[in-house]
Amino acid sequence: MSQYKTQSHKIGIYLWIWALLFVFSFFSYMVDYLNFEGTLRWTLILAFMVSKAALIVAVFMHLFWERYAIVNVLLWPMTLMLLFVGIMAADSEYTLLTRLFYFAAGS
Amino acid sequence: MNRALGKLPKGWGGLTHDWGSDQRVFKGIPWNKAMMWIFLLSDTFIFMCALISYMTVRASTAASWPDASVVFELEIFGTSVPLLLIAIMTFVLISSSGTMAIAVKYGYEKNRKLCTIFLLLTAVCGATFVGMQAFEWTKLILHEGVRPWGNPFGAEQFGAFFFMITGFHGTHVTIGVIFLLIMAKKTWQGDFDTGRKGFFTSVTSNYRAIEIMGLYWHFVDLVWVFIFAFFYLW
Amino acid sequence: MSDEHDYKIEAKAYTTSSSGAAASSDERPDEQELYHSKSWWTTYVFSQDAKYIGVQYLCASTAIAVLALVLSVLMRVQLAYPDLNVLSPSAYYQAITMHGMIMVIFFLTALFLGGFGNLLIPLMCGARDMVFPFVNMLSFWIFLLSLLVLVASYFVPGGPTGAGWTLYPPQSITAGTPGNLWGLVLMLVSIVLFVVGFTMGGLNYVITVLQARTRGMTLMRLPLSVWGIFVATIIALLAFPALLVAGLMLLLDTVLGTSFYMPAIIAVSNFGKEVTTDGGSPILFQHLFWFFGHPEVYIVALPAFGIVSDLISVHARKNIFGYRMMVWAIVAIAALSFIVWAHHMFVAGMNPWFGFFFAITTLLIAIPTGIKMYNWVLTLWRGDIHFTVPMLFTLGFFITFLNGGLTGMFMGNVGTDIALSDTYFVVAHFHFTIGIAPVLVVFGALYHWFPLMTGRMLNEGLGKLHFWITFIGAYAIYFPMHYQGLQGVPRRYYEMYDSIYASSTGLNEFITIVTIVVAVSQLIFFYNVINSAIRGEKSKRNPWKANSLEWQTPTMPPKHGNWNKLPVVYRWPYDFSVPGADKDYIPQNVPPSQVRRAKVEKT
């Protein structure tokens with residue numbers, strides 16, 4: 001049925017993305033194996049993670065070819081999660097601060 | 001449907017057109033696929049809350065956090081390779097995502113045989129993943145003394161979060177494997193060609209179900225990408 | 001879309017699509033796959049028809065609410081007459097916990113979303129049923145299971161948990177809190193089951209509204225009841241995950257002795273295993289809980305807002321003022337509701353800078369809410385107001401919600417909240433906003449849609465009696481609590497003793513007596529429902545002369561599949577009192593060619 005045409009791509013694209021995912025996974029693994037530290041480590045880990053996630057969502061889950069209506073519905077709530085991450089990061093830093101301040105010395 | 005879909009305005013104009021139109025907002029997307037997408041959105045929030053909790057507790061505890069690459073290293077041929085099992089698990093799960101995408105493609109091409117084969121391959125990879133995760137759990141519990149309430153490596157929440165997050169993810173993979181096997185059986189039997197009604201749901205079968213299964217399976221892989229990055233690598 | 005466009009829809013059958021992408025046969029709205037049940041069990045018990053499921057939800061949630069009501073009466077008696085020792089301290093805490101959890105989640109959420117959602121959404125959208133009836137059926141039965149597990153906590157050693165509906169660790173887990181073992185476990189299991197069941201239902205409601213509307217029904221032609229329930233469901237799908245994770249971790253802390261939330265305290269001994277905890281973060285639970293908890297109160301409020309808009313326009317024979325702004329206000333409230341949660345935590349010991357951020361967002365959320373209030377009042381202005389029972393309940397809603405919303409402003413500011421936190425002021429606030437106001441809407445809605453469900457009218461006289469006792473009584477119960485709170489009377493105390501708050505504690509007896517009167521008077525409502533269902537006055541079709549599609553079915557109550565041929569929609573549901581028209585209402589499915597002598601605006 002013709003309605004299925006948009007859903008079926010040539011096998012090549014899946015294989016290429018598959019390979020790309022392996023490459024990114026390998027690089028992420030290398031970040032740990034080669035003991036990168038600090039900001040560089042975090043940036044690389046996050047960058048590879050986001051790239052892999054984007055490839056899976058866009059190609060394997062087909063979102064790249066879907067209309068904007070559903071793409072926006074799915075992606076904007078992620079900003080809420082980012083806000084939650086930010087707030088909790090700030091609050092946990094505060095918790096640690098109070099713990100070290102009040103409980104550390106001599107207790 | 002393609003021609004009708006192709007005539008609709010695209011891009012941001014398409015966004016306002018779709019939301020302002022009658023009958024349906026998501027053009028060209030059947031209701032079951034839309035349901036799966038929204039369910040995945042909700043499930044994403046669950047895993048994100050779990051990972052955020054992990055980040056919060058790890059950042060706020062004064063105890064030192066164990067080094068994941070040391071805890072999860074595997075000894076082969078006399079050398080300790082950090083995170084080896086995890087790397088293999090990642091490889092297996094990404095492969096299963098690939099085979100799933102190919103199964104969906106063959107499903108839409110109505111290639112019953114190849115679709116079933118790739119569905120089964122995906123299920124096998126999924127089961128392998130769960131098996132390896134079970135091996136990891138056994139190793140940590142029996143040999144390393146890691147418990148949900150404490151471990152010899154550092155902060156006691158390490159074990160708690162490890163078991164909770166990987167357990168939740170592993171449960172999702174297991175459920176996925178079960179459904180993959182059901183889908184494989186239905187495909188092999190020809191249910192999707194004949195449109196036979198489901199036993200429980202009484203809904204007409206359609207090859208679209210495989211794409212929807214695929215969405216779930218890719219989501220499971222996606223969650224692993226995040227767990228791998230945040231829990232094992234960080 | 002132009003006038004000609006609507007004429008075109010009128011002229012053709014559903015062979016072409018006005019909006020594209022509906023050419024495949026199984027996606028045309030009139031081709032929705034309907035389940036036809038073959039046995040008594042699958043028609044009345046394991047029903048897959050949304051209307052039946054809606055009634056099932058109504059009955060189950062009302063039943064559990066009666067339990068919570070009885071608990072509240074016991075609590076009030078204990079407060080007014082402590083010497084009677086009606087409730088021991090433990091029993092009192094168990095009562096407030098169960099009362100709170102039942103009322104918020106198991107009664108109001110289930111009633112509005114499960115009950116009214118199932119009943120109204122397919123009908124008002126012009127669909128034959130929800131998109132996935134099997135899963136819809138499962139959602140009710142899992143909800144019922146969650147209720148059974150909840151009630152089972154009365155029968156386990158230790159009784160139900162007495163940690164407050166907020167279940168804050170570490171106290172909810174440590175000894176001293178009633179029900180800190182099995183009671184807490186069963187409460188959490190019940191909540192997990194509820195979330196699972198709700199998700200199944202919620203997906204149905206959202207996708208039915210988004211994907212299964214009939215021809216001509218754009219989102220901006222939906223009645224506001226649907227908007228309220230729809231947006232509330234979206235909020236719920238995004239907020240319940242946080243509760244699930246919070247509850248799961250609390251469960252693990254209780255059962256396995258993990259330290260997600262448990263800081264370094266005296267050893268905890270649960271289920272026979274003594275563990276030492278360290279390093280957990282109690283405030284993490286509060287963040288997760290309130291990330292869910294604040295959107296939750298809007299899940300309760302938004303359907304009420306939507307239903308009120310519809311009740312008002314029908315019973316005042318007037319279009320809702322500013323329909324578009326009402327829709328955007330609902331959406332804005334929903335979006336903002338996710339970024340205000342820590343106003344429940346101003347005194348919890350979180351990062352002090354958060355006070356600024358969350359106080360601002362909390363005050364912001366008053367703006368769309370205020371817009372809605374103004375629009376309702378403007379709808380009434382110069383309307384042909386019929387003081388039917390639904391209208392009375394709606395007016396009661398305004399007054400009580402206005403009161404409750406205003407008191408919220410005091411607590412939204414950090415400075416005043418520090419004085420008012422954990423006092424009766426808070427109790428008064430939330431009972432006005434989610435206790436009285438939405439419950440009045442529930443009653444109003446039941447009086448309004450009873451003819452649709454049963455084909456008979458509820459008795460008007462009894463209804464008015466029920467309204468006046470409930471409304472005046474509820475005001476008399478909760479209004480004095482503001483005074484108590486300002487005096488500083490703490491909440492969740494099982495007894496107030498001969499305290500310095502003598503002028504406030506003296507009010508307890510008055511409040512309790514009114515509580516008993518109001519609680520008993522609900523029997524009038526139950527009598528009315530049962531009596532009218534059996535031998536009430538038979539209602540004509542569309543007794544309230546409403547415009548929305550649920551009243552335009554060929555039979556009343558609607559049969560399975562709702563319509564013979566799916567309706568086509570040409571206008572919004574608020575064409576009341578259109579100048580020049582022969583009747584003072586023009587239903588949504590009346591074609592333009594049948595509207596004579598009146599110029600109807602394009603909607």
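**Exercise 1. Check whether the length of helix H5 of chain C agrees with its residue count.**

- Step 1: H5(C) covers residues 133-152, which makes 20 residues.
- Step 2: The expected span takes 1.5 Å times one less than the number of residues, so H5(C) should span 28 Å.

**Exercise 2. Find which residues of H5(C) are buried, and what they pack against.**

- Step 1: Buried here needs 20 or more other C-beta atoms within 10 Å.
- Step 2: In H5(C), the residues that pass are C:Pro133, C:Asn136, C:Met137, C:Ser139, C:Phe140, C:Phe143, C:Ser146, C:Leu147 and C:Leu150.
- Step 3: Their packing partners are H3 (50-80), H4 (89-125) and H6 of chain C.

**Exercise 3. Work out how H8(C) and H9(C) are oriented relative to each other.**

- Step 1: Two packed helices are described by the angle between their axes and the distance between the axes.
- Step 2: For H8(C) and H9(C) (residues 323-337), the angle is about 170° and the axes lie 10 Å apart.
- Step 3: Angles over 145 degrees count as roughly antiparallel, so H8(C) and H9(C) are roughly antiparallel to each other.
- Step 4: H8(C) brings C:His294, C:Pro295, C:Tyr298, C:Leu302, C:Phe305 and C:Ser309 to the contact, while H9(C) brings C:Met326, C:Ile330, C:Ile333, C:Ala334 and C:Ser337.
- Step 5: Sort them by class and you get 8 nonpolar, 3 polar and no charged residues.

**Exercise 4. Describe the side of chain C that touches chain B.**

- Step 1: Count both sides: 48 residues come from chain C and 45 residues from chain B.
- Step 2: On the chain C side, H6 (182-211), H7 (224-256) and H8 (282-315) each supply at least two residues.
- Step 3: H7(C) gives the largest share, 9 residues.
- Step 4: By class, this side of chain C has 28 nonpolar, 15 polar and 5 charged residues.

**Exercise 5. Decide where to be careful with chain C.**

- Step 1: For the complex, the predictor reports an ipTM of 0.95 and a pTM of 0.94.
- Step 2: Chain C has a mean pLDDT of 91, with 93% of its residues at 70 or more.
- Step 3: Over residues 13-27 of chain C, though, pLDDT stays under 50, and the model has 34 contacts beyond four places in sequence for this stretch.
- Step 4: Where pLDDT is low, the predicted coordinates should not be read in detail.

Terms used: Residues are numbered from 1 along each chain as its sequence is written. Chains are lettered from A and ligands numbered from 1 in the order in which they are written. This is a predicted model: local features need pLDDT of at least 70, side-chain atom pairs count only at pLDDT 80 or more; totals for chains, interfaces and linings use all residues. Two residues are in contact if their C-beta atoms, placed from the backbone, lie within 7 Å. Helices (H or I, at least four residues) and strands (E, at least two) are DSSP runs, numbered from the N terminus. Ala, Val, Leu, Ile, Met, Phe, Trp, Tyr, Cys and Pro count as nonpolar, Asp, Glu, Lys and Arg as charged, and the others, Gly among them, as polar. pLDDT is the predictor's confidence in each residue, from 0 to 100. A residue is buried if 20 or more other C-beta atoms lie within 10 Å of its own, exposed if 12 or fewer, and partly exposed in between; C-beta atoms are placed from the backbone. Axes are lines fitted to C-alpha atoms, for helices over the stretch in contact, and angles run from 0 to 180 degrees between N-to-C directions. Angles under 35 degrees count as roughly parallel, over 145 as roughly antiparallel, 65 to 115 as roughly perpendicular and the rest as oblique.
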